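Below is a short briefing on a pair of local features in one model. Please keep the sequence and the structure in view while reading.

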Amino acid sequence: MDRLETMTQRSSVRKFKPDPIPESDLRVILAAARQAPSDASAQLYTILRVSKGELRQRLAHLSGDQQHVLDAAEFFVLLADVHRLEKLLEHRGESPGRRPRTALHFAVVDAAIAGSHLAVAAEALGYGICWIGGLLNRVDEVVRLLNLPRGVLPVSGLVVGVPAERPQPRPRLPEKLVVHQDHYREYSDADLNAAYAAMAPIGRRGDWLPLLRHYFARGGAMEARDAIYGLAAALQGFVADWPPAAAETLRLRGHDAGSLGEAIEKVLGGGWRGILFGSGPFGESTVWLEKETAAERGEGSTPGEALARAVEAALPVQD
Ligand SMILES: Cc1cc2nc3c(=O)[nH]c(=O)nc-3n(C[C@H](O)[C@H](O)[C@H](O)COP(=O)(O)O)c2cc1C
C-alpha cells in the first residue's frame with residue numbers, strides 16, 4: 001500500500017497475533033510519533049509504553065476488559081503532559097504561568113497528534129492499531145495506578161500489533177457534513193438523514209443510533225465518564241478554580257468533586273444554606289458556610305481553597 005492508501009483504506013484492528021514488533025520497527029514508529037508538530041515546539045505529551053504483565057492486565061480491566069489490550073504486542077498510554085514543561089522552566093529559574101485551561105487544551109492536542117503519527121506510521125509498516133478510549137472509564141484510577149504527577153493526564157490508550165484480521169474500511173459521514181466552506185452551515189433534515197444512511201453499516205442492525213445513544217444520549221457512557229474526568233482533571237491541576245489540594249482533601253473525605261460548583265452542590269446537599277465569599281485584609285479569600293444554628297469559616301489563597309477548608313469543617317468524613 002502506498003502512503004495515502006494506508007490512510008484512506010485503514011480500519012481499526014482488534015484481533016492480533018502473538019508476535020512481537022521488532023525493535024527496529026518500534027524505533028521508526030516512535031521516531032514518527034516524536035516528529036509530530038506541537039504548539040511552540042513544547043511537546044506537551046508523554047507516551048507511556050506498557051509491557052505485558054500485571055500492569056497491562058490492570059489497565060485492560062480499567063478499560064472495560066478489552067481483550068485486544070492484552071493481546072496486542074504493544075500498548076501505549078498517551079498522556080497530556082505539562083509536568084515536564086514546568087520542570088524545564090523551573091530548571092532555569094522561571095516560574096510556570098497559571099494557565100490550567102490552555103495547558104489542558106494544548107497538551108491534549110499534542111498528545112493526540114503524536115498518537116496519530118504513531119498510529120499512521122505503524123499502519124504504514126503493516127501493523128494493526130486501535131485507540132482505547134475505554135481508558136477514560138476510570139481515568140482517576142488510571143492516574144493513581146500509574147502514579148502520574150500533577151500536570152499529567154491520560155488522553156487515550158493505543159494498541160499496536162501484528163494483525164490477525166483486516167476489517168473492511170468502516171463508513172464515514174458524507175464530506176459535506178464534516179467539511180464546511182467559509183461559514184458553519186447548519187444541518188437540514190436531509191443532511192441528518194444522509195448521515196444516518198451513510199453510517200448505518202456501523203451498527204449491528206444497520207442503524208447508527210443505538211451506538212450514538214449508548215455513548216452520548218442522556219444516561220449514556222460519556223455522562224458517566226464526565227464526572228470522573230472532571231475529578232481527575234482537578235486532581236492533576238487542570239481545573240482553573242478548583243485547586244488539586246482541595247479536590248484531594250474532599251476525595252479523602254469521601255466527597256468527590258471535580259469543580260468548585262460540584263463542591264458547592266455537596267455543601268448545599270449537606271444541609272448548609274448560606275455560602276458567603278469574601279476576602280480578608282491581606283488579599284486572602286474567605287468563605288463562610290452557614291446553617292441557621294451554625295457557621296463554619298474557611299480561609300485560603302483562592303476561593304476554591306477557602307471553600308475546601310470550610311467544607312472540611314462542615315462535611316463529616318463519609319463511610
Ligand atoms: C479516541 C478514540 C477512542 C477509541 N476507543 C476505542 C476503544 O476503547 N475500544 C475499541 O475497540 N475501539 C476504540 N476506538 C476505535 C473506534 O471505534 C474506531 O476508530 C471507529 O469505530 C471507526 O472505525 P475504524 O477506525 O475501523 O475506521 C477508539 C477510537 C478513537 C479515535
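Valine 143 lies in helix H7, residues 139–145. Helices (H or I, at least four residues) and strands (E, at least two) are DSSP runs, numbered from the N terminus. The model is predicted: local features need pLDDT of at least 70, side-chain atom pairs count only at pLDDT 80 or more, and totals for chains, interfaces and linings use all residues. Residue numbers start from 1 along each chain as its sequence is written.

*Burial and contacts*

- Valine 143 counts as buried because it has 21 C-beta neighbours inside 10 Å; the cut-offs are 20 or more other C-beta atoms within 10 Å for buried, 12 or fewer for exposed, and in between for partly exposed, with C-beta atoms placed from the backbone.
- Leaving aside residues up to four places away in sequence, valine 143 touches Leu148, Pro154, Ala232, Leu235 and Gln236 (contact: C-beta atoms, placed from the backbone, within 7 Å).
- Leucine 153 is 10 residues from valine 143 along the chain, and their C-alpha atoms are separated by 7.0 Å.

- Strands E5 (residues 274–279) and E6 (residues 285–290) run antiparallel and are joined by 6 bridges; strands pair if DSSP finds at least two bridges between them.
- The hairpin of E5 and E6 has 5 residues between the strands, and glycine 283 takes a positive phi near 85° in this hairpin.
- E6 is also joined by 6 bridges to strand E7 (residues 295–300), and these two run antiparallel.
- The hairpin from E6 to E7 passes through 4 residues.
- Serine 285 in E6 stands opposite serine 279 and also opposite glycine 300 in E7.

Note on methods: Two residues are in contact if their C-beta atoms, placed from the backbone, lie within 7 Å.
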